[in-house]
Structure formats: C-alpha cells, structure tokens
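Please look over the sequence and the fold shown here before reading on. The paragraphs that follow go through the model part by part.

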Amino acid sequence: MAYIKGISYYLPERVMDNGELVNEFPEWSVDKVAKKVGVYSRHLSASNETAGDMAEKAACRLFDEYNITPQDIDFVMLCTQSSDYFLPSTACVLQHRLGIPVSAGAFDYNLGCSGCIYGMAVAKGLISAGIAKNVLLLTAETYTKYLHPSDKSNRSIFGDGAAACLISTDGFARIGEFSLGTDGSGADKLMVKTGAARCKGHTGKSEMDDEGHTRYDDYLYMDGGGIFNFTLEAVPAMIKDILAKNSIDSDDVDYYVFHQANKFMLDTIRKVCVLPKDRFYINLEETGNTVSSTVLIALKDCLTNGTIWEGMQVMVTGFGVGLSWGGTLLQF
C-alpha cells in the first residue's frame with residue numbers, strides 16, 4: 001500500500017488582484033471577474049523564476065515542515081508543462097539541488113490538470129512494486145508566461161504555483177484505486193501550438209474561434225466551451241468508476257476535492273453529479289487555477305484549516321489538458 005506522508009506548496013511573491021487586471025481591461029469590473037471565475041487574485045512567477053525554482057522551494061518547505069531528510073528520497077517525479085529545459089529533465093536537476101542521493105530515480109512528465117492524480121498513481125505503482133519507498137511528487141507550472149497580454153479570460157483564471165508531496169509506505173492518507181482516462185482527439189482544445197518539434201518557430205498567426213476568442217499560435221489557447229463540455233461527459237463517469245473500483249457508495253465519501261478549474265465549472269459539475277455543497281471544495285480566490293498543483297494545494301489547505309481530518313474518505317480528481325482525467329479515493 002502507498003500513503004501520503006506530507007504536503008506543502010509554494011506560491012510566487014508577485015500577486016495580481018482583480019483591480020490591477022481591470023485597469024488593463026476597463027470593460028470588466030472587479031466583481032464581474034470574481035463572479036465569473038471565482039478568483040480575486042493570483043500569483044505570478046517572476047520573469048527569471050522557473051517551474052524548477054518553484055518546485056525546489058515547495059520541496060524545501062516539505063522537508064522543513066515534516067522533518068524529512070532528502071537522503072531518504074529514492075524517487076523524484078516532476079509534473080510540469082513549463083520545464084526549465086527541453087533536456088535534461090528538470091527532475092534530474094532538482095535531484096542535485098535538493099541533495100537527494102544519486103541512487104534515486106528522477107523524471108519529468110508532461111501533463112496538466114490531471115497531473116497530480118497521475119503522479120499519485122505512478123508513485124503508488126513504484127511503491128507497490130518495491131522499486132521505491134519514498135517518492136517525492138512535485139507539481140509546478142508557470143502558465144502565466146504562456147498567456148497573450150490581451151487574453152483577459154485566461155489571465156483572470158490562471159495563476160502560478162508549485163506543490164510537493166511525499167508518497168511513502170506509511171503516512172496519514174492511504175491512496176486507493178484509480179480511474180484514469182485519455183482522449184487525445186481533443187488535444188487542440190488546450191494547446192500552445194508553437195515552440196516544440198511539430199512547429200518550432202513562432203508564426204505570429206492568430207485567428208478567431210467559434211466563441212469569439214482569439215487563438216494565437218504562439219500562446220496558450222483554451223477552447224472554453226469544448227473543455228466545459230468534455231468535463232461534463234468525463235467527470236460523472238469517472239466518479240462512478242472511482243466508487244466502483246474502491247467498492248464504496250457515494251454516501252461513504254466524506255469530502256470531494258476536485259481540480260480547481262474555475263468556480264462556474266466546479267459549480268456545474270457539483271450540480272450535475274448531485275454532490276453535496278457542504279462537502280465539495282471550491283476555493284480559487286487567492287490562487288486561481290494553478291493547473292497540476294490545485295489538488296495538492298487544496299488538500300494542504302483543508303488539512304491546515306481542519307476541513308479534512310482522520311477517518312475521512314476524500315475523493316480527489318483532475319481533468320483537462322490532454323484531454324485527460326483521473327481520480328482516486330484517499331483514506332485519512
């Protein structure tokens with residue numbers, strides 16, 4: 001069996017509140033932004049601050065907070081779509097910077113909103129197979145660097161951040177069985193088109209999508225309507241699969257912590273899936289959508305403020321870019 005043994009996170013110092021955003025887009029109001037996406041402020045990584053830098057800070061906080069010795073780590077995974085280099089893996093660099101033994105395995109994996117859940121699944125597999133005993137799962141993203149200055153919608157939603165989680169042979173939350181899925185036919189619904197091997201050079205091209213949003217080749221594009229429809233199809237089926245694979249009924253789930261995409265989407269998912277409002281986590285107010293880090297940030301905050309406690313069964317899920325989705329049950 002595999003357990004979560006510690007969770008910490010790091011948010012960049014720079015904070016942009018809705019007032020500052022509205023100064024750039026006067027056709028909006030502070031209340032309109034907050035009502036639409038549930039975000040009042042978000043953290044922005046500094047120009048010279050990378051996902052690797054943030055992941056390192058999150059890991060150091062984890063080590064300090066839980067009295068973890070880096071020498072005990074025998075595997076490092078970093079989920080990011082903002083890697084420091086094309087190669088090597090940023091996880092390899094972090095192994096050295098964090099003082100983790102050279103006998104530890106290390107790799108990056110490119111995944112977004114479901115990345116935390118996929119990382120838990122891989123870490124559990126490594127532990128169950130006897131390959132590792134203490135897996136350091138890191139998530140870090142600097143999506144704000146991918147956003148066009150005129151993209152008010154995504155600039156209101158996304159924030160930067162990193163999280164660190166120790167998954168081990170013992171701990172305070174047992175990791176259950178997983179439901180995972182992928183639909184690559186929707187890959188273009190959330191994409192940065194240029195910069196990698198398929199289209200290495202910037203094109204400078206842009207076009208209007210069906211919703212009236214500008215799609216820039218060289219910046220992050222999100223088909224909001226397409227992503228919304230995808231979640232309404234994938235998430236209800238995933239919830240049923242998680243319950244079945246963990247042999248429990250929905251009444252046995254004490255709390256739900258889903259990827260913090262935006263408030264409107266989460267409210268809709270909750271209503272469609274008929275989940276109790278008082279047991280469903282929504283809090284993007286001060287962080288926004290931090291992509292792969294939202295679930296770990298939410299879990300940490302819930303543990304800190306006493307929303308989650310020993311004996312509870314908590315369903316965690318992620319869904320988005322890929323398209324991909326995943327979920328599991330945590331027994332605290």
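At roughly what angle do the axes of helix α3 and helix α4 cross? The axes of α3 (residues 51–66) and α4 (residues 90–97) come within 10 Å and cross at roughly 45°, where axes are lines fitted to C-alpha atoms, for helices over the stretch in contact, and angles run from 0 to 180 degrees between N-to-C directions. The two helices α3 and α4 are therefore oblique to each other, since angles under 35 degrees count as roughly parallel, over 145 as roughly antiparallel, 65 to 115 as roughly perpendicular and the rest as oblique. Their crossing is right-handed, a word used if the near helix is turned clockwise from the far one by less than a right angle. Gly-52, Asp-53, Ala-55 and Glu-56 in α3 meet Thr-90, Leu-94 and Arg-97 in α4, and contact here means heavy atoms within 4.5 Å.

Some words on the numbering and on the model are needed at this point. Residues are numbered from 1 along each chain as its sequence is written. This is a predicted model, in which local features need pLDDT of at least 70, side-chain atom pairs count only at pLDDT 80 or more, and totals for chains, interfaces and linings use all residues, while side-chain values use heavy atoms, with hydrogens and water left out. Helices (H or I, at least four residues) and strands (E, at least two) are DSSP runs, numbered from the N terminus.

A second pair of helices can be described in the same terms. The axes of α7 and α8 come within 10 Å and cross at roughly 35°, and this crossing is right-handed. On the α7 side, the residues that meet α8 include Phe-228 and Val-235, and on the α8 side they include Phe-264 and Ile-269.

Buried means under 20% relative accessible area, exposed over 50%, and partly exposed in between (1.4 Å probe, protein chains only).

Strand β2 (residues 14–17) runs antiparallel to β3 and is joined to β3 by 4 bridges, two strands being paired if DSSP finds at least two bridges between them. Leu-44 in β3 is the bridge partner of Arg-14.

The peptide bond from Leu-87 to Pro-88 is cis, with omega near 5°, and Pro-88 is placed in the loop between β4 (75–79) and α4. Another cis peptide bond joins Gly-322 and Leu-323, with omega about -10°, and Leu-323 is in the loop between β15 and β16.

Is Val-274 buried or exposed? Val-274, which has a positive phi of about 55° although it is not a glycine, is exposed, with a relative accessible area of 70%. Val-291 has a positive phi of about 60°, but Val-291 is buried, with a relative accessible area of 1%.
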